[in-house]
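This briefing concerns a single protein chain and the packing of its secondary structure. The sequence and the model are shown below.

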Amino acid sequence: MISLLQSAVYLQGMRPVPVEIICYHCQQSAEKYLKGYIALNGGEIQRIHDLVALNKICRNYDLSFAEIENDCLNLTDYGVQARYPFNLELNETDMLLALKSAERIQDFVKQKAKDINLDT
């Protein structure tokens, strides 16, 4: 199964590059990872798309989630923009930053999930 982040990486090959869609997929990927971590810890999944708020919930389980707070902040608006359109001028630099932030969040959460599984 292809992940949202893999889809975002793949879409970079299109011309013109669909920058807004790539940024949206990056936000969605990060949202799913954060919610997955909350679920893994037995938490209730809230119907929110704010990655900073989700990251704060994750910090209730592991304070080191503060390390990815800026990445969450970088991506949050991309999920809201697709649902509630407002003028958000994005360029390829924004897209590359979004991809890096989504990758850092994915790698961070995957490692934390492994740590939980090792402890049990």
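Within helix H1 of this predicted model, Leu-5, Ser-7, Ala-8 and Leu-11 are buried, where buried means under 20% relative accessible area, exposed over 50% and partly exposed in between (1.4 Å probe, protein chains only). These residues lie on the same side of H1, because they cover an arc of only 155 degrees around the axis; the arc is that of the directions from the helix axis to the C-beta atoms.

**Packing of H1 and H2**

- Two packed helices are described by the angle between their axes and the distance between the axes.
- The axes of H1 (residues 4–11) and H2 (residues 19–40) come within 8 Å and cross at roughly 160 degrees; axes are lines fitted to C-alpha atoms, for helices over the stretch in contact, with angles running from 0 to 180 degrees between N-to-C directions.
- H1 and H2 are therefore roughly antiparallel to each other, a class for angles over 145 degrees, against under 35 for roughly parallel, 65 to 115 for roughly perpendicular and the rest for oblique.
- On the H1 side, the contact is made by Leu-4, Leu-5, Ser-7, Ala-8 and Leu-11, and on the H2 side by Ile-21, Ile-22, His-25, Cys-26, Gln-28, Ser-29 and Lys-32; contact means heavy atoms within 4.5 Å.
- These contact residues divide into 7 nonpolar, 4 polar and 1 charged, with Ala, Val, Leu, Ile, Met, Phe, Trp, Tyr, Cys and Pro counted as nonpolar, Asp, Glu, Lys and Arg as charged, and the others, Gly among them, as polar.

**Two buried residues**

- Gln-27, in helix H2, is buried with a relative accessible area of 0%.
- Leaving aside neighbours within four places in sequence, Gln-27 is in contact with His-49, Leu-51, Leu-75, Thr-76, Tyr-78 and Gly-79.
- Asp-71 belongs to helix H4 (residues 69–83) and is buried, with a relative accessible area of 5%.
- With the neighbours within four places in sequence again left aside, Asp-71 is in contact with Ser-101, Arg-104 and Ile-105.
- The C-alpha atoms of Asp-71 and Ser-101 are separated by 4.8 Å, although these residues are 30 apart along the chain.

**The chain as a whole**

- The secondary structure comprises 5 helices and 0 strands; helices (H or I, at least four residues) and strands (E, at least two) are DSSP runs, numbered from the N terminus.
- Of the 120 residues in the protein chain, 42% are buried.
- Among contacts with a separation of 6 or more, 60% join residues 24 or more positions apart.

**Basis of the values**

- Residues are numbered from 1 along each chain as its sequence is written, and side-chain values use heavy atoms, with hydrogens and water left out.
- Local features need pLDDT of at least 70 and side-chain atom pairs count only at pLDDT 80 or more, whereas totals for chains, interfaces and linings use all residues.
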